[in-house]
Amino acid sequence: MNSKIPVIAIVDVGKTNKKLFLFDEQYQVVYEQSARFTETQDEDGDPCENIHSLRQSLFESLREVVRQQEYSIRAINFSTYGASIAGIGRDGQPVMPLYNYLKPYPATLKEKFYRQYGGQDRIATETASPALGSLNAGLQLYRLKEQQPELFEQLQCLLHLPQYMSYLLTGKCFTDITSLGCHTALWDFKKNDYHQWVYAEQLHRQFGALMPASHTESITLPDETDPIPVGIGLHDSSAALIPYIVSFHEPFILISTGTWCISMNPFNIFPLTTEELHQDCLCYMQYRGKPVKASRIFAGREHEVEVQRIANHFHQDPAKYRNMSWDPAIIKQLQPQQGNPKPAAAAPLQSPAPLGSGFSNRSLSDFENDETAYHQLMLDIVVQQKRSTGLVLQDTPVKRLFVDGGFSKNAIYMNLLAAAFPGLEVFAATMAQASAMGAALAIHDSWNRLPMPGNIIELKYYSCNTPEISGLL
């Protein structure tokens, strides 16, 4: 009889899909399970995550793996999206909804908060968090305390979503730096401590102890005898950076592409400026506690919307554009967006839905066919991408640019990006689930008997030095 395969289980909670992965000791995915939940509503009727479904799904998925008798779970960890906080009451149960970070934030309350604590630019700069309303998780708590004091009084422990998932197994309340440092407006990057307003509101008393990303607690799974380590979880964008930090030591930028395209530069040592904040730059905190300067565009969401518009106009199946070939001859005929929208230069971003590339302003009737229209969409997106990535690239020793996520498989995007940055080596990076992989690597020493692997990322090099195309960018 074959022995069980030793694995680490990673629960990866995205806004759309909730997945469980099993990685073996070589960090190969040997099992994957996916689920999608129907959202529920908060007290105002706004959509929010179903926190009870999350709990139920976690236990059911782990029970199913244990029942299979094929794998031996040696550890568990979590990666989840940020900007969501669970509030736990005296009975250990949630006492508030898991508010959606797109929930509208009361303008008068926002004005009161920034007036009370030193002004919007000051708070945003010190916490490396553009003023984004509910996308700043700390402001969710400020709203709760101001508008629902009776509910707020019931809170015994505040948990960022990764730590809530861990709490469900360990019963322990912890905080981790990657969750605190993701545009929450809670953490003062200069003082390396909770911001002064957090102490003034006494919120710090309700957060769990701040622990390193490598910290684990032991539990025993049902029908098992040996205890296993459970990590405290990480914010998914910070987790996705870990495989690159582990694998590459020369300076690089990672563009993590999905709904948001986030350019992360772990080698940009310059403090975040107010001007950069005005252009939707921010800082994440990597798992070793160092700031990572980042910039963002909403390109994945724009791509989804505009592909549907192109498909409808030209009576095509949207799936056609998943693997469209790169045609430089088409690109040479196109023009970049004139008067392309730029991030606000006079005031911090007020909404979690920043300006797009400008393609939505184009009339599809101007294009002879859908291939041309799609190439134009990608050209407009990469023009915006160049501007966004350039914000965190400037004055740093970076020579390599990695792209992971959906756009790494898009030949048009990748060739245009190579043309946009002719001075850099541009690579499409392929690996099994970067965020989940990062969460597994964060607690490697707690479960894996083998040394850290050196071949977990597959790279494909892109070079496009055609002068005519580079000139468009």
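## A friendly tour of a predicted model

All of helix H6 is tucked away: 10 of the 10 residues in this helix (residues 161-170) are buried, so H6 is largely enclosed by the rest of the structure. Buried here means under 20% relative accessible area, exposed means over 50%, and partly exposed lies in between (1.4 Å probe, protein chains only). Helices (H or I, at least four residues) and strands (E, at least two) are DSSP runs, numbered from the N terminus. The buried residues of H6 include Leu161, Tyr164, Tyr167 and Thr170.

Residues are numbered from 1 along each chain as its sequence is written, and side-chain values use heavy atoms, with hydrogens and water left out.

**Helix H9 and its partner**

H9 is another enclosed helix: 11 of its 12 residues are buried, so H9 is largely enclosed by the rest of the structure. Among the buried residues are Asp236, Leu241, Tyr244 and Val246. Which helix does H9 (residues 236-247) cross at roughly 75°? The partner is helix H15 (residues 434-442), and the two axes come within 7 Å. Axes are lines fitted to C-alpha atoms, for helices over the stretch in contact, and angles run from 0 to 180 degrees between N-to-C directions. H9 and H15 are therefore roughly perpendicular to each other, a term for angles of 65 to 115 degrees; under 35 degrees counts as roughly parallel, over 145 as roughly antiparallel, and the rest as oblique.

In this meeting, H9 brings Asp236, Ala239, Ala240, Ile242 and Pro243, while H15 brings residues including Met437, Gly438 and Leu441. Contact means heavy atoms within 4.5 Å. The residues of the contact of H9 with H15 divide into 9 nonpolar, 2 polar and 1 charged. For this count, Ala, Val, Leu, Ile, Met, Phe, Trp, Tyr, Cys and Pro are nonpolar, Asp, Glu, Lys and Arg are charged, and the others, Gly among them, are polar.

**The nonpolar cores**

In soluble globular proteins, nonpolar side chains tend to be buried together. A nonpolar core is a set of buried Ala, Val, Leu, Ile, Met, Phe, Trp, Tyr and Cys residues joined through side-chain atoms within 4.5 Å. The largest such core has 48 residues, and those touching the most other members are Ile310, Tyr374, Met378, Tyr413, Leu416, Leu417 and Leu473. Elements giving two or more residues to this core include strand S16 (252-257), helix H11 (299-314), helix H13 (370-393) and helix H14 (411-420). H13 gives the most to this core, with 10 residues. Leaving aside neighbours within four places in sequence, isoleucine 310 is in contact with Tyr321, Phe359, Leu364, Asp370, Ala373, Tyr374 and Leu377.

**Aromatic pairs**

A search of the whole structure finds 27 aromatic pairs. Rings of Phe, Tyr and Trp (its six-membered ring) pair if their centres lie within 6.5 Å; planes under 30 degrees apart count as stacked, over 60 as edge-to-face and the rest as tilted. Here are two of the pairs.

| Pair | Arrangement | Centre to centre | Between the planes |
|---|---|---|---|
| Tyrosine 81 and tyrosine 101 | edge-to-face | 6.3 Å | 80° |
| Tyrosine 321 and tyrosine 374 | stacked | 5.4 Å | 25° |

Tyrosine 321 lies in the loop between H11 and H12 and tyrosine 374 in helix H13, so their pair ties together parts that are 53 residues apart in sequence. Tyrosine 321 is buried, with a relative accessible area of 2%, and tyrosine 374 is buried at 0%. Both tyrosine 81 and tyrosine 101 are buried as well. One aromatic cluster is formed by Tyr244, Phe248, Phe252, Phe267, Phe402, Phe427 and Tyr461.

**A few loop residues**

Glutamine 69 is not a glycine, yet has a positive phi of about 60°. Is glutamine 69 buried or partly exposed? Glutamine 69 is partly exposed, with a relative accessible area of 48%. Histidine 183, also not a glycine, has a positive phi of about 45° and is buried at 7% relative accessibility. Asparagine 136 sits in the loop between helix H3 (120-127) and helix H4 (137-147) and is buried at 0% relative accessibility. Not counting residues up to four places away in sequence, asparagine 136 touches residues including Tyr114, Pro130 and His183.

Note on methods:
Predicted model: local features only at pLDDT ≥ 70, side-chain atom pairs only at ≥ 80, totals over all residues.
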